[in-house]
Number of protein chains: 2
Amino acid sequence: MKKTAHAALEKLKSGGRRLTAARRAVIEALAEAEAPLSASEVLGILVKRGVGADRATVYRELEALSEAGIAVTVRFESRAARFELAGGAHHHHAVCVKCEAVSDVEADAELEAAERRIARRSGFKVLRHSFELFGLCADCR
Amino acid sequence: MKKTAHAALEKLKSGGRRLTAARRAVIEALAEAEAPLSASEVLGILVKRGVGADRATVYRELEALSEAGIAVTVRFESRAARFELAGGAHHHHAVCVKCEAVSDVEADAELEAAERRIARRSGFKVLRHSFELFGLCADCR
DNA sequence: ACCTTACTGCGACAATGTCGCATTGTCAAG
DNA sequence: CTTGACAATGCGACATTGTCGCAGTAAGGT
């Protein structure tokens, strides 16, 4: 198991949550994924691994992980929400509209500065933001 | 009718599209809205005005407007896509997580510069991006 | 007035969640 | 190790948000 998955489990336990097979499997699926996963993708992975989880369970689990700050929700253009573990550094995503590949984009200092500037101008207190790029990846362009 | 709505109709006509009651009503609804509208909100407005439009028609219309570049799609945290007329300057949105108010945020030159820098670093050709702020508006903070 | 075809309504269906309720499984206290 | 509390699960019904095919309607040029 990856370090991020381990840390996530620790964080959960210290929040009154219990360690179940489904939960462990969901976290591991997210930890091993290269890109944010949708609920149905997570469900597919669990099924492939022989962990029979219900659809509702997966949704509830993903919601619980988000609430606990262990996972973050991202929305691209498709309808389904996607989830990734919150372990690493703050980053954004570049989504290829042709091959659907998702690559991480490290947070840019100027970007954050621009956000603070915007917040100051408008009196808006920013809690979080979304910033995603859509276009063609190096292979598809 | 607002100027933006008028311009949108002109743009449509010069694209082989026809001017129907439903189309006119959808465009007017978007033109008069203070914030991006979801399909069901648009439908609600049409019904209130006595323009009996079918759900499928509204969806098709919004899609057509997006394809024509007359409307743009934005996604906040909720599931439904939202639409606004593309008339004005490029901008982003600040969404209050408490009162749900949406205010426009003018595009920031630094933001765009950061985007170009990111694109250059990664070999990614950016076609469009999303940037939305979530937090507390001046009234709710 | 007529033709072409864009547009519409209807109804079925699909994808993505959400919820209540009875049952099961965790885990820590005893 | 047993047991009690309650977190978590499975099941099934339902809601929301779209999508699609098809037959009928109507916009707009000729």
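**Chain A, chain B and DNA strand C**

In this predicted model, 16 residue pairs are in polar contact between chain A and chain B, both residues at pLDDT 80 or more.

Student: What makes E77(A) and R128(B) a salt bridge?

Tutor: The cut-off is 4 Å between a side-chain nitrogen of Lys or Arg and a carboxyl oxygen of Asp or Glu. The closest N and O atoms of E77(A) and R128(B) are 2.4 Å apart, so the pair counts as a salt bridge. Across the interface, the rule finds four salt bridges.

Student: Which elements of chain A give two or more residues to the side that touches chain B?

Tutor: They are β4 (91-96), β5 (102-106), α5 (109-122) and β6 (125-136). The largest share, twelve residues, comes from β6(A).

Student: How do you know that β6(A) and β6(B) pair?

Tutor: Pairing needs at least two DSSP bridges. These strands have eleven, in the antiparallel sense, so they pair. Within them, F131(A) has F131(B) as its bridge partner.

Student: How much area do chain A and chain B bury between them?

Tutor: About 3,400 Å², with 59% of it on carbon and sulfur atoms. Each chain puts 37 residues into the contact.

Student: Why is R60(B) said to be in polar contact with DNA strand C?

Tutor: The limit for N or O atoms is 3.5 Å.

Student: What do D54(B) and a phosphate oxygen of DNA strand C show?

Tutor: A backbone N or O atom of D54(B) lies 3.0 Å from that oxygen.

Technical notes. Residues are numbered from 1 along each chain as its sequence is written. Chains are lettered from A and ligands numbered from 1 in the order in which they are written. This is a predicted model: local features need pLDDT of at least 70, side-chain atom pairs count only at pLDDT 80 or more; totals for chains, interfaces and linings use all residues. Side-chain values use heavy atoms; hydrogens and water are left out. A polar contact is a pair of N or O atoms within 3.5 Å; within protein, one must be able to donate a hydrogen and the other to accept it, and residues adjacent in sequence count only if both atoms are side-chain atoms. Contact means heavy atoms within 4.5 Å. Buried area is the accessible area (1.4 Å probe) that two parts lose on being put together, summed over both. Helices (H or I, at least four residues) and strands (E, at least two) are DSSP runs, numbered from the N terminus.
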